[in-house]
Every structure is written in structure tokens, then in C-alpha cells.
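Dear colleague,

I am handing over the structure below, together with an account of what was found in it. Please read the notes alongside the coordinates.

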Amino acid sequence: MTTPESRPAATSSTAAAADAAEPVASVKQHQIRRHRGEGQWAKGHFTPLNNNEQFKKDDDGLNVRARIENIYSVRGFDSIDGSDLRGRMRWWGLYTQRRPGIDGGRTAVLEPHELDDEYFMLRVRIDGGRLTLAQLRAIATVSTEYARGTADITDRQNIQLHWVRIEDVPAIWRILEGVGLTTAEACGDVPRVILGSPVAGVARDEILDGTPAIEEITSRFIGSPEFSNLPRKFKTAISGLQDVVHEANDISFVGVVHPELGPGFDLWVGGGLSTNPQFAKRLGAFVTLAEVPEVWAGVCGIFRDYGYRRLRTRARLKFLMADWGPVRFREVLETEYLKRALPDGPAPAFVPPAERDHVGVHEQKDGAFYVGFAPRVGRVDGPTLARIADAAEAAGSDRVRTTADQKMLILDVAQDRVEPLIEALDALDLQVRPSVFRRHTMACTGIEFCKLAIVETKALGSSVIDELEKRLAGFDTPITININGCPNSCARIQTADIGLKGQIVRDAAGEQVEGFQVHLGGHFGADLDDAGSFGRKVRGLKVTAVELPDYIERVVRRYAAGREQGE
Ligand code: SF4
């Protein structure tokens, strides 16, 4: 087990050098912090400062697996230790789901155990969004046999199942691991699933294929004690295209062509949405494909050693980046972790956000086609996943992909099999040529299963799509609508044209009902090395869930009437 005490001495000996670079303006603030300590291991602060740090120090989260297999799955839910139940089980992709019938108004006032159901959400990590048909069928089987048919594609390319009993978890692992899938570190204070381009290796316009780097990082570091105790979650994106929201990850490798060194990656660090959203910062460093795992481990090591561990609300890497800035971050990375300088590199060229998803029919570089389709707000089910596998097989494909927009792709389809595939998917209500509303609406898990939720999201998102398709038939400008059940932004509130943050609001009669704070005009990317803009919170603009279709219709009609040429 990795403990704070077992950290290499070198990390703490470097603290003085790092401190020396602190800007004068913030010296007083930092003196106060140093006195109190932020729980940074590199500065010798090993005493746990909150319950999460304590349980992580007491036992590595990865060790809960043996207890699940040998004790909890045999003796049942009531035998589960409290620190395992609400802490370490996440290291294997398990969260208790919300007890049914508790309204969103009570989310903040109830104790965690009052919100816990005896069933679990199980997150299957799908690094790079890559699935074979055997893997897709395995997930379909688990969904159908052990998860009441549930399956949601997340905006991090995972698939989440619900209603999982602890007694069934070992059998589920046997099915998933039998086809090379895992739930290891799908949740928890660890390196989460690695986003990768869903069209890596097949896209005609990709700069390079990041798949070898994703494979090496997952095989070397996922499930390893080296990074199984981070201050909080650590999100990664690697793509030779700009299709995996690199601006919103803790570390991103974005495809660029160096004028002398050729294709490689531009390094971005410290992005994250949720509360206190920050776009990732470019370090201005160029990384070759072969160097990606080493640089990834360096940045992850900085987070482990220097990341803040006092307050959970300040523990993401973006807060360290906000204090250090990209220049100092790069200097610490190069001098303390890599022991060499990285070459400077160019910024990625701007790709309009609307071109980042892969819905529709697209020719691959080998002459075959990939077909992207849009489940409603990412929701599918076990039988549907099995039928998708059947449709892909009938079209001659063995490769399926999930996207960072809650969509799916089938690769390697011969031209003459494209239309029959589209028809087969259409019969499953999986549209390859969807309306802009179906294509660009996302919703997080919401109150149906999430213990932090204040409002319902998935069913609402689906009904909003239906309404808008009827009322605004033919409208074809991409408008992103992201529906979140609370301020945590799992469906990226701040980067949507219309971002909706769930909260309890008052309706016209003064009654407290489910509704949303509205954010307008957010987007990723705008210009060369600019990461984008967050949507503006429209002060006082709150809309009830019932009024949502009317409100969006008004916004869209007003926008359509007033937009400028080419907008
Ligand atoms: Fe749950 Fe909030 Fe995340 Fe939605 S945004 S899944 S409600 S934590």
C-alpha cells in the first residue's frame, strides 16, 4: 500500500524551490496557508485533514475488492463497513444510488446514510471509448441480468449501470473482466477513465492516433498503488483531434504538428468544470506520442504530491494551477519530475465545437465508413446494447465507440452496408441523422439515481427533445442544451449554449418546484490557444422544469430572428 510516509523524500525536499517562486503579491496569503497547511505531501503535511484523507490513509481504496469478494457479497449489504460503503467502493466503480422517493428539496438536509439505497451504480470504464462487440455484449448481459436493464452512456465515454446488488458484483466482474473490461478506478480519488478520440486510427483528418499512449497508461498505472491516493479525481484526455473536451480535463494531450519535430501533442493542464470552473492552461510544451505516459505520470505525480488535501472543495488540480500558473507548473514538471526540459510547441488550430462530435456517416481513411448515432441524452438499455452489437455485426464491423457527448459510433462499415445499418439503428430509435435538439442535448444522471441531485434530468431531457422537434421542426443550427441535476456540472453546464443547473425554484403560484438556473452562451474553444468561454449566468433567470420547452423555444426563436449573417 502506498502511504504518505512512503513518498520519496525527493518530493518534499523540492518544496523550498517551489516556494521560492511564489509571487510577492500573494506572500501573505500563502504564509497563512503554510501555517495552516493545505495537506500537501510534498511539504511534509501527512496528517489527514478530513475524513476522506483519513480513510485513504487507513487503507488503499483498491484493497476493498477483496472484502467485496470474500465478505460483503457473501454476507450482504448490512455487512459493509461505513468507510468502504461511502469511500473505498468507488475505487472499484461502485456508488450507492439514491433511495427512491426522496425529493430534491431534502438532498442537502439529510445525512448520507439516509440517502443511501441498498443498490449500487456500477461504472464501467471504457478508456478511449473503445469497445469490441464481445465487450458491448458483455455489458448488455450485465445490464439485462444484474442491473434491471439500465445503461447510460456518460459524457466521459463510460457506461453506467444501476440497481446492482452487492451479492452480484463478483459475477459481474467475471463477465466484464472475461472480455478485458474493468471497473477499476472508475470512480474515487484516482486517475479516471482516459478520454480518447472515438475515431482514433480511422479519422481522415487526425494528426496522430493517441491509442498506444492510452493503452500504456492504463496498463502501467491504472490499478497501481502509485496513483491510487490522489487528492481528488484526475481526468485525462488524449486525442489527435479536438473531440474529447480537452479544455475541461486535468491533463490533456491535443494533437499538433511541430514545425521541426512532426506530429505530437500540445500539453494542457488544470481544467475542470463543476463549481469554480477553470479551462485547462497550455504549458506551451510539445510531447511526442512515446513521451505521453512519462509526462502523464509526471503531472499526476505533481497532483499527488503538491495537490491540496485540506478541503475537498479545493482539492482538484485546477486550484493548484490557479495558484502556480502554467510557467511554474511546467518548471516543476521539468525540473523535479522529468529531469529534463520539454521543447516548446505550437498551439492547436481552432476547431469549431459543432464539428467535434461524430454523429452521421463519415468516410474513414481506409475507405470504409463510420456511423455515429444519437441515443436520447445517453440513455440506452441492455437489450438495446445487444441489438446495437447485432446491427454492427450484420454491417461487418467489430468495433463500437462511445463519445464524450453521450453518443455512439460503429466503425469499419462498407459503403453498401451503411444504409441498412442506418435503418436497423433507426428501428431502435437511434438516429444517425437526428434533429439538432436530439444531437446536441445532454443530461446528467439526476435525481433518479444520484444522491447529490436536486432535480430530475434524463426523462425531462427526452421530453424536451420531443417538444422542440415538434415546435421547431427544420431548425438546423447546432444549439447545445446541457441539463444538470445540481451545481456539479457532470453534464458541463458552463460550456453549453443553454446550460441548465438544477435547483428548487418557485413557480408562478409561489410553490417550490423543480427548476433550473440558466447559463447562456458557453462554448469550448474560440481562437488558437484560447480554451473557450463559460456561459453567463443570467442573474435571476430561473425556469421551472415544466416551463423549460417554452423557455428554450423562446430563446431559439429570438436567436434565429436576430442572428447575424454566418452566425
Ligand atoms: Fe449528480 Fe449533480 Fe452530477 Fe447530475 S450534476 S450526476 S445531479 S452530481
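Predicted model: local features only at pLDDT ≥ 70, side-chain atom pairs only at ≥ 80, totals over all residues.

**Helix packing and local features**

Residues are numbered from 1 along each chain as its sequence is written.

α16 (residues 458-471) and α17 (residues 548-562) pack at an angle of about 45° with their axes 10 Å apart, where axes are lines fitted to C-alpha atoms, for helices over the stretch in contact, and angles run from 0 to 180 degrees between N-to-C directions. Helices (H or I, at least four residues) and strands (E, at least two) are DSSP runs, numbered from the N terminus. The crossing of α16 and α17 is right-handed, that is, the near helix is turned clockwise from the far one by less than a right angle. L460, V464, E467, L468 and R471 of α16 meet L548, P549, I552 and E553 of α17, a contact being two C-beta atoms, placed from the backbone, that lie within 7 Å. By class, this contact of α16 with α17 has 6 nonpolar, no polar and 3 charged residues (Ala, Val, Leu, Ile, Met, Phe, Trp, Tyr, Cys and Pro count as nonpolar, Asp, Glu, Lys and Arg as charged, and the others, Gly among them, as polar).

Helix α10 (residues 211-221) and helix α11 (residues 292-306) cross at roughly 50°, their axes coming within 9 Å, and these two helices are therefore oblique to each other. The crossing of α10 and α11 is right-handed, and in it A213, E216, I217, R220 and F221 of α10 meet V292, P293, W296 and A297 of α11. The contact of α10 with α11 has 7 nonpolar, no polar and 2 charged residues. Of the 15 residues of α11, 12 are buried, among them V292 and W296; a residue is buried if 20 or more other C-beta atoms lie within 10 Å of its own, exposed if 12 or fewer, and partly exposed in between.

Helix α8 (residues 133-146) packs against helix α9 (residues 169-177) at an angle of about 160°, with the axes 9 Å apart, and α8 and α9 are therefore roughly antiparallel to each other. Their crossing is right-handed, and A138, T141, V142 and Y146 in α8 meet I172, I175 and L176 in α9. The contact of α8 with α9 has 6 nonpolar, 1 polar and no charged residues.

A386, in helix α13 (residues 382-394), touches R137 and A140, not counting residues up to four places away in sequence. The C-alpha atoms of A386 and T144 are separated by 9.6 Å, although these residues are 242 apart along the chain. A386 counts as partly exposed because it has 18 C-beta neighbours inside 10 Å.

R148, in the loop between α8 and β4 (150-153), has a positive phi of about 50° although it is not a glycine. D429, in the loop between α14 (418-426) and α15 (436-440), likewise has a positive phi, near 60°.

With regards

Technical notes. Parallel < 35°, antiparallel > 145°, perpendicular 65-115°, else oblique.
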